[in-house]
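Hi everyone, thanks for coming. Please have the sequence and the 3D view open while I talk, and stop me whenever you like.

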Amino acid sequence: MVIALTGLGLVVFVVFHMLGNLQLFEGPLALNRYAAVLRDMPILLWAVRIGLLSMAVFHIGLALQLSMQNRRARPLEYTIHRYRKASIASRTMAISGMALLLFVAFHLLHLTAGVIDPGFADRRDPEGNRDVYTKVVHAFQNPFVVILYLVGQLGLGLHLRHAIASSVQTMGFEHAGLNRLLKALGPVIGLIVVLGNVAIILAVFLGIVH
Amino acid sequence: MTFTLKIWRQNGPHERGRFVTYEAYDVSPGMSFLEMLDGINQRLIGTGEEPVAFEQDCREGICGSCSLVINGIPHGPDQGITTCQLYMRRFSDGASITIEPWRANAFPILKDLVVDRSALDRIMQAGGYISVNTGGAVDGNVLLIGKDQAETAMDAASCIGCGACVAACKNASAMLFVAAKVSHLATLPQGRPERARRVSAMLKAMDQEGFGSCGNQYECEAVCPKGISARFIANLNREYLRAGIVESGCPSEPESPHAESA
């Protein structure tokens, strides 16, 4: 239950994160202004950051605890085990989750903290705002960074595909007339978020945005 | 038809098990899977060997006793049936078939393919009942129940407690079983008075028995011989949330329904 709730909280974040980042397509000033607006509200910004961090800690901690319990529930595995219904996404939640964790850590060090690529951390644009735009464009011109981010997005998409509909079920939302809609939530929201993010990465890499 | 069978043999709960290979000859395509095993056992008894222990009772798909994992799928490759209703014509001649018991911490192996499923009984004892006074049967149609409610309750009540859901679940979770029992009683007026206490008690018992948790993969639904829908698991989650809210309103534990009769 807590895993579902915290997971859904994180889903809300990735949706808004993707939407905010799409302002890249409106040009450097728009994106830098957006970044400045976020930084102008330090209390809100840090409240959200701490909220996200604690949600992630609960989500991962409880997931680890549960999966250890689940392992104990079947000490001796079947010699042959055939899945009949379980989707690939649902069977790889642990792997996609761990890939996501590594990716998020890299992403924060890379674009938020600027540890990995410090060259652009303090650049300003003509309006005096931090030049996030140039930093992003510079980052995604590097093919290694692009591959890493695309793999991260693959992990995110795979995780969300099972996660959202699964959380909805765990919270007890279910209705004969709405079930198809609820089941589609995961793949659809996951696809929208991934497509939005991949659009940014590829637009820069292919030179459409520069 | 002839088959090569790899069967799990284990002398007792604490012994080490292993696979033993047996050949099945002269199997008629119309034989059920259990009849084919009967043939093997007859031969083993004839040669003075220990027959393969497996559980069975009604052999018409309603008792929930038979419990074999056949080639990695509880109750075998066909959907909506128990092992006893699986016929040998479903397999190709000369096929190799692996037979394992239900594997779960909560279902210790007693011998060969027989597991102890009394953990499910203890979950039922924790809350899978309604408390009524004994006496004459209630007149018909005193309690009117809507058609849709009756249908939903019957869908849930068709669970025969075989444990295939536990066997199929990668976490060996009994959620579908508990969901069916809780939903059955919570849908009917007779089960309403105790519904909050019931769901909490049954889920607590499930955890205590060492079953895992639900990952919403719905493997349980796919192997259930009675086609119980995983929708009932959502309903169980809803009941549990509701119980949390109701019970937080009245912190004192309601008196045990058996207190009167004691």
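Predicted model: local features only at pLDDT ≥ 70, side-chain atom pairs only at ≥ 80, totals over all residues.

Let's begin with chain A. Which elements is chain A built from? The C-alpha trace spans about 60 × 35 × 35 Å along its principal axes. Of the 210 residues in chain A, 27% count as buried. If you take the contacts in chain A between residues at least 6 apart in sequence, 77% of them join residues at least 24 apart.

Now, please find two helices of chain A, α1 at residues 2-21 and α3 at residues 42-73. Their axes come within 9 Å and cross at roughly 140°. Anything over 145 degrees would count as roughly antiparallel, and α1(A) and α3(A) are therefore oblique to each other. The crossing of this pair is left-handed. Who makes the contact? From α1(A) it is A:Val2, A:Ile3, A:Thr6, A:Gly7, A:Gly9, A:Leu10 and A:Phe13. From α3(A) it is A:Leu52, A:Met55, A:Ala56, A:Phe58, A:His59, A:Leu62 and A:Ala63. Sort the residues of this contact by type and you get ten nonpolar, four polar and no charged.

Staying in chain A, move along to helix α5, residues 93-112. Which residues of α5(A) are buried? They are A:Met93, A:Ser96, A:Gly97 and A:Leu100. Turn to the face away from the buried side of α5(A), and you find the exposed residues A:Ala94, A:Ile95 and A:Ala105. What covers the buried residues of α5(A)? The cover includes α3, α4 (88-91) and α7 (143-170) of chain A. And just after α5(A), have a look at A:Gly114, which takes a positive phi of about 70°.

Helix α4 of chain A also holds A:Ile88. Is A:Ile88 buried or exposed? It counts as exposed, because A:Ile88 has 11 C-beta neighbours inside 10 Å and the cut-off for exposed is 12 or fewer. A:Ile88 and A:Thr112 are 24 residues apart in sequence, and their C-alpha atoms are 32 Å apart in space.

On to chain B. Here we have eight helices and seven strands. The C-alpha trace of chain B spans about 65 × 40 × 40 Å along its principal axes, and 42% of its 262 residues count as buried. For contacts in chain B between residues at least 6 apart in sequence, 70% join residues at least 24 apart.

The helix pair to look at in chain B is α5, residues 175-187, with α6, residues 195-208. The axes come within 10 Å and cross at roughly 170°, and α5(B) and α6(B) are therefore roughly antiparallel to each other. On the α5(B) side you'll see B:Val178, B:Lys181, B:Val182, B:Leu185 and B:Ala186. They meet B:Arg195, B:Arg198, B:Val199, B:Met202, B:Leu203 and B:Met206 in α6(B). By type, the residues of this contact come to eight nonpolar, no polar and three charged.

Next, zoom in on B:Thr82, in the loop between β4 (73-74) and β5 of chain B. Why does B:Thr82 count as buried? Because 29 other C-beta atoms lie within 10 Å, and the cut-off for buried is 20 or more. Leaving aside neighbours within four places in sequence, B:Thr82 is in contact with B:Gly61, B:Cys66, B:His75, B:Cys162 and B:Pro225. B:Arg59 is 23 residues away along the chain, and its C-alpha atom is separated from that of B:Thr82 by 8.7 Å.

Last stop, the two chains together. How many residues are in contact here? 30 residues of chain B are in contact with 25 residues of chain A. On the chain B side, the elements giving two or more residues are β5 (96-100), α7 (219-223) and α8 (231-249). The largest share, seven residues, comes from α8(B). This side of chain B divides into eleven nonpolar, 13 polar and six charged residues.

That's my tour, and I'm happy to take questions.

Conventions:
Residues numbered from 1 in each chain as written. Chains lettered and ligands numbered in written order. Axes fitted to C-alpha atoms, helices over the stretch in contact; angles between N-to-C directions. Helix = DSSP H or I, 4+ residues; strand = E, 2+ residues; numbered from the N terminus. Parallel < 35°, antiparallel > 145°, perpendicular 65-115°, else oblique. Left-handed = near helix turned anticlockwise from the far one by under 90°. Contact = placed C-beta atoms within 7 Å. Nonpolar A, V, L, I, M, F, W, Y, C, P; charged D, E, K, R; others polar.
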